[in-house]
Amino acid sequence: MKNQELLLVPGPTPVVDEIYEALASETHGHTDPRFVAIFKNAIEQTKKLFNTNSEVYVVAGSGTLAMEMAIVNTVGKGERLLVISHGYFGDRFTPLANAFDIEVEVLQSAWGERVDPQLVAETLKMKTFKAVTITHADTSTGVMSDLEALVPIIKEAGALVIVDGVVATAALKEDMSKAYGGNEAYKIDVVLTGSQKAIGIPPGLAIIAVSEQALAAREALGSIPAYYADINCWRGVMDNPATYFATPPVNLIYAYDAALKIVLTEGMETRETRHIAFGKAVRAALRSYGMTPLANEYVAAPTLSCILYPEGIEDGAFRTSLAKRGIIVAGSLAHLTGKAFRIGHNIWGIQQLRCLNKQLSRLERH
Ligand SMILES: *Cc1c(COP(=O)(O)O)cnc(C)c1O
């Protein structure tokens, strides 16, 4: 087992040995048939993950590149984007949209709470928006969005639904074929994600899945202010990975293919149930120590929690003391810095449990 520590930051998450082995495979040329077969398989598995027959794109970059690809390929200069923000990562869409001269409006909840869907409906009635972003789970607050409520409201208003799945994909279902509210026209248009959170491989991949309607939006835009982030530049590679646009991260693709095999073998139903259970268990355990999750249980994300410290616990000392015992958690962002820590609920599989046991037995000895 290569992991020496239990990495419980929201991401990167612990990497299992099978994936370390895939990463350490011999690097083939990016047009070598042996690599091309693996890349093809990874693309097919990505489609299965999102349950879509439309297009997916897997490129070198972090989750933020995936955010940029989602926006720049669907919303043009001067068009309106509505952001439903439950924290720091929702807010990130604002400077991103500004960089491309997109008109952006933000509906922001208090940290730990959700934006009222009614407010979304009212905002969409007042003006026309090209697209609306939903951060599936916001990694700063541990708040999960209610896709069931939001997707029909957005689609009814004729806007594209863009879901930021960076801390949700592969733990929470993101089914692009699902007809929300039972209406065939109410489906997610774009899911964007990164490799290092619930997918469980190291950072370095930006992944997006794009509906037919979102592809039509890309075509309607004509030329866009992007090159590397333009899906039109990548389409040839995704259709036939033997072709070249820009060199793919060969070893990360090996790892990604191996990770998706693990994910699809376990199945999204089981994975979602497991994350919900772990999230609840971790929050209940921490509550018994006098710590309070920022998000109430009703809106809490199954993949990570932001936990407020009780009086008298100093952030730096707390995290250093945990780190000495091999457990790594994250500090908090923006105005919560020093007041809370964040813990991922990505303990999965026998290897992580073994690692957790090892750390806990060390903890007992102290
Ligand atoms: C981590 C994260 C991002 C940013 O991803 P990077 O890989 O750090 O660029 C965006 N959105 C959410 C919800 C995240 O959790």
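**Entry 1: the model**

I note at the outset that this is a predicted model.

**Entry 2: strand 15**

I began with strand 15, which spans residues 340-344. I asked how many of its residues are buried. I found five of five, and I recorded the strand as mostly covered.

I then examined the two faces of strand 15 separately. On one side I listed Ala340, Arg342 and Gly344, and on the other Phe341 and Ile343; all of these are buried, and both faces are therefore covered, with buried taken as under 20% relative accessible area.

Next I looked for the pairing partners of strand 15. Strand 12, residues 304-308, pairs with strand 15 in the antiparallel sense over five bridges. Strand 14, residues 330-331, also pairs with strand 15 in the antiparallel sense, over two bridges. I followed Arg342 in particular: Cys306 stands opposite this residue, and Ala330 stands opposite Arg342 as well.

**Entry 3: helix 7**

I turned to helix 7, residues 147-156, and found that seven of its ten residues are buried. The buried residues are Leu147, Leu150, Val151, Pro152, Ile153, Ile154 and Lys155. I noted that Lys155 is on this list.

Which elements do the buried residues of helix 7 pack against? I recorded strand 3 (80-85), strand 5 (131-135) and strand 8 (160-164), together with helix 6 (117-126) and helix 8 (212-221).

I also checked both ends of helix 7. Asp146 caps the N-terminal end, with a side-chain oxygen 3.3 Å from the backbone nitrogen of Glu148. Just after the helix, Gly158 takes a positive phi of about 85°.

**Entry 4: the ligand site**

I counted 14 residues around the ligand, of which Ser62, Thr64, Thr139, Asp164 and Lys197 come nearest. By class, I recorded five nonpolar, six polar and three charged residues in this shell. Helix 3, residues 63-72, gives the most to the shell, with three residues.

A polar side-chain atom of Thr139 lies 2.3 Å from a ligand oxygen. For Thr64, an N or O atom of the side chain is 2.5 Å from an oxygen atom of the ligand. For Gln196, the corresponding distance from a side-chain N or O atom to a ligand oxygen is 2.7 Å.

Finally, I asked how much of the ligand's area the protein buries. Taken alone, the ligand exposes 380 Å², and the protein buries 90% of that.

Note on methods
Residues numbered from 1 in each chain as written. Predicted model: local features only at pLDDT ≥ 70, side-chain atom pairs only at ≥ 80, totals over all residues. Heavy atoms only, no water. Buried < 20%, exposed > 50% of the residue type's maximum accessible area, 1.4 Å probe, protein only. Helix = DSSP H or I, 4+ residues; strand = E, 2+ residues; numbered from the N terminus. Pairing = 2+ DSSP bridges. Contact = heavy atoms within 4.5 Å. Polar contact = N/O pair within 3.5 Å; in protein donor to acceptor, adjacent residues only side chain to side chain. Near = heavy atom within 4 Å. Areas by Shrake-Rupley, 256 points an atom, 1.4 Å probe, with all protein chains shown as cover. Nonpolar A, V, L, I, M, F, W, Y, C, P; charged D, E, K, R; others polar.
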